Amino acid sequence: MEQVRLGRTGLKVSRICLGMMSYGDPAVRAWTLREDAAEPIVRRAAEEGVTFFDTADAYSLGVSEEITGRLLRRLFTRRDDYVLATKVYMPMGEGPNDRGLSRKHVLASIDDSLRRLGTDYVDLYQIHRWDYETPIEETMEALHDVVKSGKARYIGASSMYAWQFAKAQHVAEARGWTKFVAMQNHYNLVYREEEREMVPLCLDQGVGMIPWSPLARGLLAGNRERDGERKTVRSKNDAFGDTLYTEADFDVVDAVREVAKERGVPAAQVALAWLLGKPGVTAPIVGATKLAHVEDAVAAEGLTLEDGEVARLEAPYRPHPVLGHS
């Protein structure tokens, strides 16, 4: 698998990032896999050249980080052979300081994440969302201190408005602090609102994009139908996903299926190939609960869509309200 630079940094990552939210505690999310079931999937990804892995402290309340750390230590000989990302912001307890992006929570959370991951540092430490209760100056200084302490190599952000991202970058630059090098945004064939402001901003600033939900929570891979049928455990137990997409989005799904049928490949490969072909996209974050999911992601890297196919895939798009920032 091709290894490419993350934005303008010198850090090389695989073109596919494996999302580790799929592995954790089924009691928290019914569709997550325990460690024994996750291992052959993560192993296959590593064998295929995936070197980039993304998790978060909040995934299964830390269990995902624990599983991620153990699996990567078993599958890779050296820590430098893979790139590990995690996040901070979501609630991790009942206390008033167990969430958000205050200096107190950021500095406590990086230590907790490193302990669960079983490593001295993460390559990419990301803020999971924007914190409206904490001054961005406080957050950016805390993140700068995390980097300077050696506990993170780079920092990144996730879904927010473009003006917020620009403000954070300006604050960091003005104070001589570490700036974000990556944006983990909500971006796929049925949700393209990021193309209005965030994508142009990232392209202008050289920030690498690592989109989450590249298959729209499985919608683009065919896990749901217009008549309401749910075909997978996740689609039957994904209340958040139900808030993101509408019946009108099935027009895009139909276009993906048509192109995939003509190509003789699964729909997931076409949807991922479209995203991989977009300027500024470094590595879509793919969740995998079956070996076939890994195989589709790997195959998508080698699938180049023709201009006419891209036009057909994009034609049915309908604008959405901003989704995924909370």
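Visitor: How many cavities of 30 Å³ or more does a search of the whole structure find?
Guide: This is a predicted model, where local features need pLDDT of at least 70, side-chain atom pairs count only at pLDDT 80 or more, and totals for chains, interfaces and linings use all residues. Residues are numbered from 1 along each chain as its sequence is written, and side-chain values use heavy atoms, leaving out hydrogens and water. A cavity is a set of points on a 1 Å grid over the protein atoms alone where a 1.4 Å probe fits but cannot get out. Searching the whole structure for cavities of 30 Å³ or more gives two.

Visitor: Which helix supplies the largest share of the lining of the largest cavity?
Guide: The largest cavity has a volume of about 40 Å³, a volume being the space filled by probe spheres set on grid points joined across faces, edges and corners. Its lining residues (an atom within 4 Å of a point) are Ile16, Cys17, Leu18, Ala45, Val50, Val286, Val294, Ala297 and Val298. The largest share, three residues, comes from H11.

Visitor: How many charged residues are in the lining of the second largest cavity?
Guide: The second largest cavity, of about 30 Å³, is lined by Leu101, Trp130, Asp131, Thr134, Ile136 and Thr139. Asp, Glu, Lys and Arg count as charged; Ala, Val, Leu, Ile, Met, Phe, Trp, Tyr, Cys and Pro as nonpolar; and the others, Gly among them, as polar. The lining divides into three nonpolar, two polar and, for charged, one.

Visitor: Is threonine 9 buried or exposed?
Guide: Threonine 9 lies in the loop between strand S1 (3-5) and strand S2 (12-14). Buried means under 20% relative accessible area, exposed over 50%, and partly exposed in between (1.4 Å probe, protein chains only). Threonine 9 has a relative accessible area of 9%, so it is buried.

Terms used
1 Å grid on protein atoms, 1.4 Å probe; cavity = no way out; pocket = protein on both sides within 12 Å on 5 of 7 lines; lining within 4 Å. Helix = DSSP H or I, 4+ residues; strand = E, 2+ residues; numbered from the N terminus.
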